[in-house]
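User: I'd like to go through this structure with you before I set anything up. Can you put it on screen and start with the charged side chains?

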Amino acid sequence: MGKLFMYYLSGTNIFSCGTCKVHLALFDQLISTDFQGRYGPAYLFGECVNVIVGESEDRNLTTGMHVVADIYCVRCDEHLGWKYEFAKDESQKNSNIVVFVYI
Ligand SMILES: [Zn+2]
């Protein structure tokens, strides 16, 4: 296995992987705490680091059909949530890529 590159965020409020504590996002990037994922409540971040992005797939979410990809921790491979690749429905199209992390 090759070298593992990880980002270390600096700030007072950092969201980390629940399993291995690697840094994932600054709380400054937190957009909402009021989301439901497939496995329960989730946080919505504008940006996330130290994640591996899985295969893109069509998923029917409450806001319509979206292309999303699951995200995994770069260090421990924990399934963390998913990110939007883009929305199929133009009215739902967001310019920002958003990431949901299960809590
Ligand atoms: Zn981890």
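Analyst: This is a predicted model, and in it the side chains of arginine 59 and aspartate 70 meet in a salt bridge, at 3.2 Å from N to O. Arginine 59 lies in strand β5 (residues 51–61) and aspartate 70 in strand β6, so the pair ties together parts that are 11 residues apart in sequence.

User: Are arginine 59 and aspartate 70 buried or exposed?

Analyst: Both arginine 59 and aspartate 70 are buried. For arginine 59 the relative accessibility is 9%, and because the cut-off for buried is under 20% relative accessible area, the residue falls on that side.

User: How many salt bridges are there in the whole structure?

Analyst: The search finds two. Besides the bridge from arginine 59 to aspartate 70, arginine 59 also meets the side chain of glutamate 57, at 2.9 Å from N to O. Glu57, Arg59 and Asp70 are thus linked in a network of salt bridges, in which glutamate 57 is partly exposed at 35% relative accessibility.

User: Switching to the metal, which residues are the protein donors of the zinc ion?

Analyst: The zinc ion takes its protein donors from Cys17, Cys20, Cys73 and Cys76, through the SG atom in each case, lying 2.3 Å from the ion. Along the chain these donors follow the spacing C-x2-C-x52-C-x2-C. Cysteine 17 sits in the loop between β1 (14–16) and β2 (23–26), while cysteine 73 belongs to strand β6 (residues 64–73), so this pair ties together parts that are 56 residues apart in sequence.

User: And what is the geometry of the site of the zinc ion?

Analyst: The site is tetrahedral, with angles of 100 to 116 degrees among the four donor atoms. For reference, the ideal angle at a metal with four tetrahedral donors is 109.5 degrees.

User: Is cysteine 17 buried or exposed, and what does it touch?

Analyst: Cysteine 17 is buried, with a relative accessible area of 1%, and cysteine 73 is likewise buried, at 0% relative accessibility. Leaving aside residues up to four places away in sequence, cysteine 17 touches Val22, Leu24, Cys73, Cys76, Glu78 and Leu80.

User: Which residues touch the most other members of the largest nonpolar core?

Analyst: Those are Cys17 and Leu24, in a core of 14 residues. The elements giving two or more residues to this core are β2, β4 (40–45), β6 and β8 (99–102). Another core, of seven residues, lies apart from it, and among its members are Leu44, Trp82, Tyr84 and Phe100. In soluble globular proteins, nonpolar side chains tend to be buried together.

User: Which strand does β4 pair with over four bridges?

Analyst: β4 pairs with β8, in the antiparallel sense, and within that pairing tyrosine 43 has valine 101 in β8 as its bridge partner. Phenylalanine 45, which is in strand β4, is buried at 0% relative accessibility.

User: Which side chains of β8 are buried on each face?

Analyst: Val99 and Val101 are buried on one side, and Phe100 and Tyr102 on the other, so that both faces of β8 are covered. In a regular strand the side chains alternate between the two faces of the sheet.

User: Back at the other end, how do β1 and β2 pair?

Analyst: They pair in the antiparallel sense over three bridges, with phenylalanine 15 standing opposite alanine 25 in β2. The hairpin of β1 and β2 has six residues between the strands, and lysine 21 there takes a positive phi near 70 degrees.

User: What about glutamine 36, is that buried or exposed?

Analyst: Glutamine 36, placed in strand β3 (residues 30–37), is exposed, at 62% relative accessibility. Not counting residues up to four places away in sequence, glutamine 36 touches Pro41 and Trp82. From glutamine 36 to phenylalanine 100 the C-alpha distance is 9.1 Å, with 64 residues of sequence separation.

User: Last one, how many helices and strands does the chain come to?

Analyst: The chain comes to zero helices and eight strands. Of its 103 residues, 36% count as buried. Among contacts with a separation of 6 or more, residues 24 or more positions apart account for 36%.

Notes. Residues are numbered from 1 along each chain as its sequence is written. This is a predicted model: local features need pLDDT of at least 70, side-chain atom pairs count only at pLDDT 80 or more; totals for chains, interfaces and linings use all residues. Side-chain values use heavy atoms; hydrogens and water are left out. Donors are N, O and S atoms within 2.8 Å of the metal (3.2 Å for Na, K and Ca); water is not among the atoms, so sites may look incomplete. Four donors count as tetrahedral if all angles lie between 85 and 135 degrees; four count as square planar and six as octahedral if opposite donors are over 155 degrees apart and all others between 65 and 115; anything else is irregular. Buried means under 20% relative accessible area, exposed over 50%, partly exposed in between (1.4 Å probe, protein chains only). A nonpolar core is a set of buried Ala, Val, Leu, Ile, Met, Phe, Trp, Tyr and Cys residues joined through side-chain atoms within 4.5 Å. Contact means heavy atoms within 4.5 Å. Two strands pair if DSSP finds at least two bridges between them. A salt bridge is a side-chain nitrogen of Lys or Arg within 4 Å of a carboxyl oxygen of Asp or Glu.
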